[in-house]
Amino acid sequence: MTSSPIIAPSILASDFSRLADEVHAIEGAADWLHVDVMDNHFVPNLTIGLPVVQSLRKATSIPFDVHLMIAHPERWAPGYAEAGAYNVTFHAEACDDPVGLAKTLRAAGAKAGLAIDRDTPVEPYLELLPYLDTVLIMTIKAGFGGQSFLPEMLDKVRDVRRRVSVGHLDVRVEVDGGIAADTIEQAAEAGADAFVAGTAVYGAADPAQAVRKLRALAAERMGISM
């Protein structure tokens, strides 16, 4: 059975002075809210942390898709699960024991996700899929919003989708970076079923309508009637 597409607007592209309002603008349209946590160590940028996530959690019922672009995720990730995040994704490049952390996150009540950055091969991690709920393939270099989509990253998406299908696994294949109306269909065709969109949503005059358009484009390419 093919999963319906998930659209996860990234608040990295929103107006940080109006975070709650920006989240409310996509309520009723977005499936997840993508929250990029950067620490200025693992990636050369600094965004928001746990206190902001805890505050936002009280302001909306949208499931949080927390993407930890941080060093030592085993130290910090469980706190996001405990704060009510639906899905917590950490980077393969930053974690020595992905399976152990995935088990910890699940025990804390969250889905467990593994992110693969632009320059990291996906093959060494395919055997870990049974322990994961989400695999996030970066279609840009992690650390900054507004970068251009890299179609060559879709080979990783195809590899993950193939292994998920062969193993009959319940794993979301998520893509993050440059996802917009002119790229989401390529990603969907490659096998992605969850899509992070920043500027394409928060740069639109009507963010909620932008989400609906993206979902319709992905669903059509996935052969799903919405």
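Across the whole structure, a search finds 12 salt bridges, each being a side-chain nitrogen of Lys or Arg within 4 Å of a carboxyl oxygen of Asp or Glu. The model is predicted, so local features need pLDDT of at least 70 and side-chain atom pairs count only at pLDDT 80 or more, while totals for chains, interfaces and linings use all residues. Residues are numbered from 1 along each chain as its sequence is written, and side-chain values use heavy atoms, with hydrogens and water left out.

**Glutamate 22 and arginine 18**
- These two side chains meet in a salt bridge at 3.3 Å, N to O.
- Glutamate 22 is buried at 11% relative accessible area, whereas arginine 18 is partly exposed at 38% (buried means under 20%, exposed over 50%, partly exposed in between, with a 1.4 Å probe and protein chains only).

**Aspartate 117 and lysine 141**
- The side chains of aspartate 117 and lysine 141 form a salt bridge at 3.0 Å, N to O.
- Aspartate 117 lies in the loop between strand E5 (111-116) and strand E6 (134-138), and lysine 141 in the loop between E6 and helix H5 (154-167), so the pair ties together parts that are 24 residues apart in sequence (helices are DSSP runs of type H or I with at least four residues, strands are E runs of at least two, and both are numbered from the N terminus).
- Aspartate 117 is buried at 5% relative accessibility, while lysine 141 is partly exposed at 32%.

**Arginine 161 and aspartate 193**
- Arginine 161 and aspartate 193 meet through their side chains in a salt bridge at 3.1 Å, N to O.
- This pair links distant parts of the chain, with arginine 161 in helix H5 and aspartate 193 in the loop between helix H6 (184-190) and strand E8 (194-197), 32 residues apart.
- Aspartate 193 is buried, at 4% relative accessibility.
- Salt bridges that share partners join Arg161, Arg172 and Asp193 into one network.
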